Amino acid sequence: MDLKADFRSDTLTRPTLGMLDAMHSAKTGDDVFAEDLTTEDFQQRCAQMFGHEAALFCPSGTMTNQIAINVHVQPGDEVVCDRMSHIYNYEGGGIARNSGASVRLLRGDHGRFKWEDVAAEINPSDSHYARTSLVSLEDTCNRGGGSVWKLSDIQSIREGCDASTLPLHLDGARCWNAMVARAGDVLPSAEDWQTYGRLFDSISVCFSKGLGAPVGSVLIGSKDFIAKAHRSRKVFGGGMRQIGVLTAACNYALNNELPRLHEDHKRAKQIGNVLIELSRVVAVDPVETNIVIFEIADGLTAAEFVKTATQDGILCFAFGPQRVRMVVHRDLNQAQVDATCEALSRSVLNH
Ligand SMILES: *Cc1c(COP(=O)(O)O)cnc(C)c1O
């Protein structure tokens, strides 16, 4: 058996020759001196794309999210987000550790909630309670199976936040996938990106997931917000020097990788359709983008399945005692996905 297909994460992609070439020829300077023109241009491009004034490049999506929270909240405040959110589950308790804030968790549908859910959790302005000072949502939601938000739901959350003078943050690590899926698996228009971006006060986007860059996330917002974010980035140790080599890779990804994301979605659906037919798979979360999460019947654990799948050449991730995550990405081709589907049908999941 010579299948080797790694579905553990879309962060596994390696830079292509075209991307390495873009990195090699990037003009650079010291970014702490604001002299890295490749980075200045790229930040401006990201801000404009999402209909905002300014942007700031950071080494990770954890840093962009944590900086956003740090700017929006004061110690003792509370952040409202879904219980599945990355900012709560996978950032090392950073909301408390970096910003001294607490979290109010919502129980949404695959990580998606409604304004009514938020409204019910906003504390009264009374000194007994923590001050509710930020709402954050994740599109697509990773733990929710790459779930895509309805634009109308985000719009009503925006209106509610306006009425309650609450800022709204987007963890848009995979907003690329969400936007492409919402557009019907075609490229969204320039206007679509701006309309979406303007629904939020701050936006974190990642280039190191489906877009395939080796490093890089960008935080987007108003000039005033980004000026404050700049200070937090420095304090968090994220001031960097000749990062034009990195932002050139991200810029290349935006030009060359965004147009192919719909292929990942098609392949993820193909895998989901195979899985749901297997005798020991009890459920597959709706496959909306590049993530497939499925649940195995009692009698076989996710950890046991991951072990045998690895022997079959399929690498994936236990996402709970009975849940497994598979993520489709650029470094998996159609032949590998076809072979994976065949191997899954012959695997322990069907016996
Ligand atoms: C990957 C990811 C991040 C950021 O992760 P880093 O590894 O720190 O870049 C943030 N939010 C979501 C939903 C993610 O999937």
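Student: Which helix does Ala309 lie in?

Tutor: Ala309 lies in helix 13, residues 302-311. Helices here are DSSP runs of H or I with at least four residues, strands are E runs of at least two, and both are numbered from the N terminus.

Student: What should I know about the model and numbering?

Tutor: This is a predicted model: local features need pLDDT of at least 70, side-chain atom pairs count only at pLDDT 80 or more, and totals for chains, interfaces and linings use all residues. Residues are numbered from 1 along each chain as its sequence is written, and side-chain values use heavy atoms, with hydrogens and water left out.

Student: Back to Ala309. Buried or exposed?

Tutor: Ala309 is buried, because its relative accessible area is 1%. Buried means under 20%, exposed over 50%, and partly exposed in between, with a 1.4 Å probe and protein chains only.

Student: How far is Ala309 from Val348 in space?

Tutor: They are 8.4 Å apart, C-alpha to C-alpha. In sequence, Ala309 and Val348 are 39 residues apart.

Student: New topic, the ligand. Which residues surround it?

Tutor: Ser60, Gly61, Thr62, Asn65, His86, Glu91, Glu138, Asp171, Ala173, Arg174 and Lys209. Each has a heavy atom within 4 Å of the ligand.

Student: Which helix gives the most to that shell?

Tutor: Helix 3, residues 61-72, with three residues.

Student: And how do the shell residues divide by type?

Tutor: One nonpolar, five polar and five charged. Ala, Val, Leu, Ile, Met, Phe, Trp, Tyr, Cys and Pro count as nonpolar; Asp, Glu, Lys and Arg as charged; the others, Gly among them, as polar.

Student: What lies 2.6 Å from a ligand oxygen atom?

Tutor: A polar side-chain atom of Thr62. Lys209 also places a polar side-chain atom 2.7 Å from an oxygen atom of the ligand. For His86, a polar side-chain atom lies 3.5 Å from a ligand nitrogen atom.

Student: How much of the ligand does the protein bury?

Tutor: Taken alone, the ligand exposes 380 Å², and the protein buries 83% of that. Those areas come from the Shrake-Rupley method with a 1.4 Å probe.

Student: Last one. What about Asn350?

Tutor: Asn350 counts as partly exposed, at 29% relative accessibility. Asn350 lies in the segment after helix 14 (334-346).

Note on methods: Polar contact = N/O pair within 3.5 Å; in protein donor to acceptor, adjacent residues only side chain to side chain.
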